[in-house]
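Subject: Structure handover and findings

Hello,

Here is the structure I promised to pass on. Please open it next to this email, then read the notes below.

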Amino acid sequence: IYYASGLEPKPRNFTDSAFMNQVQDEYLFEVIKKGTAAFGKSPFCPPWGDTLKEDEKVRNIISFLRTLVSAGK
């Protein structure tokens, strides 16, 4: 079952190596901190900067996202 099948827009597929190899860590950092609406994208991904106050927490999330590419192979 694909639980996000009814969502619009569809969530990003972080196992997609073509996408993940193009996106820079700094961009992911800013999107996580500021939310996707700040970049003209869906308002459904909120800013996490106030919740994840320490930059290291955001960098840990980015490191985890990078592991999903190899998991999707």
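The notes below go from the whole chain to single residues.

Ground rules come first. This is a predicted model, where local features need pLDDT of at least 70, side-chain atom pairs count only at pLDDT 80 or more, and totals for chains, interfaces and linings use all residues. Residues are numbered from 1 along each chain as its sequence is written, and side-chain values use heavy atoms, with hydrogens and water left out.

**Overall fold**

The chain has three helices and zero strands. Helices (H or I, at least four residues) and strands (E, at least two) are DSSP runs, numbered from the N terminus. Along the sequence the pattern reads α-α-α. The C-alpha atoms fill a box of roughly 35 × 25 × 20 Å, taken along the principal axes. Of the 73 residues in the chain, 23% are buried. Buried means under 20% relative accessible area, exposed over 50%, and partly exposed in between, with a 1.4 Å probe and protein chains only. Among contacts with a separation of 6 or more, 48% join residues 24 or more positions apart. Contact here means heavy atoms within 4.5 Å.

**Core**

The largest nonpolar core holds 11 residues: Phe19, Met20, Val23, Leu28, Phe29, Ile32, Leu52, Val58, Ile62, Leu65 and Val69. Helices H1 (17-20), H2 (25-34) and H3 (55-71) each give two or more residues to this core. H3 has the largest share, four residues. By definition, such a core is a set of buried Ala, Val, Leu, Ile, Met, Phe, Trp, Tyr and Cys residues joined through side-chain atoms within 4.5 Å.

Leaving aside neighbours within four places in sequence, Met20 contacts Phe14, Leu28, Leu65, Arg66 and Val69. On H2, the buried residues are Leu28, Phe29, Val31 and Ile32. Their cover includes H1 and H3.

The largest pocket has a volume of about 700 Å³. It is lined by 21 residues, and the closest to its centre are Arg12, Phe14, Val31, Thr36 and Cys45. H2 and H3 are the elements that give two or more residues to the lining. H2 gives the most, with four residues. By type, the lining divides into 15 nonpolar, two polar and four charged residues.

On a 1 Å grid over the protein atoms alone, a pocket is an open set of points where a 1.4 Å probe fits, with protein on both sides within 12 Å along at least five of seven lines; lining residues have an atom within 4 Å of a point. Grid points are joined across faces, edges and corners, and the volume is the space filled by probe spheres set on the points. Ala, Val, Leu, Ile, Met, Phe, Trp, Tyr, Cys and Pro count as nonpolar, Asp, Glu, Lys and Arg as charged, and the others, Gly among them, as polar.

**The loop between H2 and H3**

Thr36 is found in this loop. Thr36 is buried, at 13% relative accessible area. Not counting residues up to four places away in sequence, Thr36 touches Val31, Lys41, Ser42, Pro43, Phe44 and Cys45. A polar atom of the Thr36 side chain lies 2.3 Å from the backbone oxygen of Ser42. A polar contact is a pair of N or O atoms within 3.5 Å; within protein, one must be able to donate a hydrogen and the other to accept it, and residues adjacent in sequence count only if both atoms are side-chain atoms.

Ser42 lies in the loop between H2 and H3 too. Ser42 is buried, with a relative accessible area of 17%. Beyond four places in sequence, Ser42 contacts Pro9, Thr36 and Ala37.

**Backbone points**

Pro9 is in the segment before H1. The peptide bond from Glu8 to Pro9 is cis, with omega near -5°. Just after H2, Gly35 takes a positive phi of about 90°. As background, most residues other than glycine have a negative phi, and most peptide bonds are trans.

Gln24 sits in the loop between H1 and H2. Gln24 counts as exposed, at 55% relative accessibility. Asn60 lies in H3 and is partly exposed, at 45%.

Best regards
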